[in-house]
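Hi,

Here is the structure I promised to pass on.

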Amino acid sequence: MKAFLGILGTLLILAAAYYGMYRGWRNRKSRQADLAPLPAVPEGRTRGVEGVYVATTSAGDWMDRIAVHELGVRSTADLAVSAAGLIFHRQGAADVFIPADHLTGVRTDRGIAGKVTAEKSGLVVVTWNHDGRALDTGFRPRRKADTAPLTESIATLIGAEQT
């Protein structure tokens, strides 16, 4: 009987924790509901660098994950860089398109909402503006050798758009 009560108590605590996380995510989505929908993804499928789309956060606040428009959903993805902008082709979530004229910066970093890497330059973080808000989007390339060329190609795209 004691074992049964112990198991029941543990299950109740877990259920309460999951319910609290669900409510927190739902409340975050309602606070961010004023963020306009994302631009439509251009036609065609361009393959890019394979990796993981980590999340989008408020710029400068790596723990303030954006919950609306599936921007906070971590997923396997590939990142294509084109003259039009960046396209994150995500598995299990909607693709994300960031137009080139919205991009304001790119850097490598150690962490962003829910993902911290051992190396200092494990993530490619793109800063961009959408609907009057500055946002950071993190991407972890599958191969470490892809990080520098990807960062350089995005920096070139931003430089080309700013001149």
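**Salt bridges and cores**

Five salt bridges turn up by the rule used here, and please keep in mind that this is a predicted model.

Arg142 is exposed at 53% relative accessible area, whereas Glu50 is partly exposed at 25%.

Next, look at Arg107. Its side chain meets that of Asp109 in a salt bridge (3.3 Å, N to O), and Arg107 also forms one with Asp136, where the closest N and O atoms are 3.5 Å apart. Arg107 lies in strand S5 and Asp136 in strand S9, so this second pair ties together parts that are 29 residues apart in sequence. Asp136 counts as buried, with a relative accessibility of 4%. Shared partners also join Glu50, Arg142, Arg143 and Asp146 into one network of salt bridges.

Now for the nonpolar side. The largest nonpolar core has 24 residues, and Leu86, Phe88, Leu103 and Ile154 touch the most other members. Helix H2 gives the most to this core, with four residues. Leaving out residues up to four places away in sequence, Leu86 touches several residues, including Leu79, Phe97, Leu103, Val126 and Ile154.

Enjoy exploring!

Key:
Residues numbered from 1 in each chain as written. Predicted model: local features only at pLDDT ≥ 70, side-chain atom pairs only at ≥ 80, totals over all residues. Heavy atoms only, no water. Core = buried A, V, L, I, M, F, W, Y, C linked by side-chain atoms within 4.5 Å. Buried < 20%, exposed > 50% of the residue type's maximum accessible area, 1.4 Å probe, protein only. Helix = DSSP H or I, 4+ residues; strand = E, 2+ residues; numbered from the N terminus. Contact = heavy atoms within 4.5 Å. Salt bridge = Lys/Arg side-chain N within 4 Å of Asp/Glu carboxyl O.
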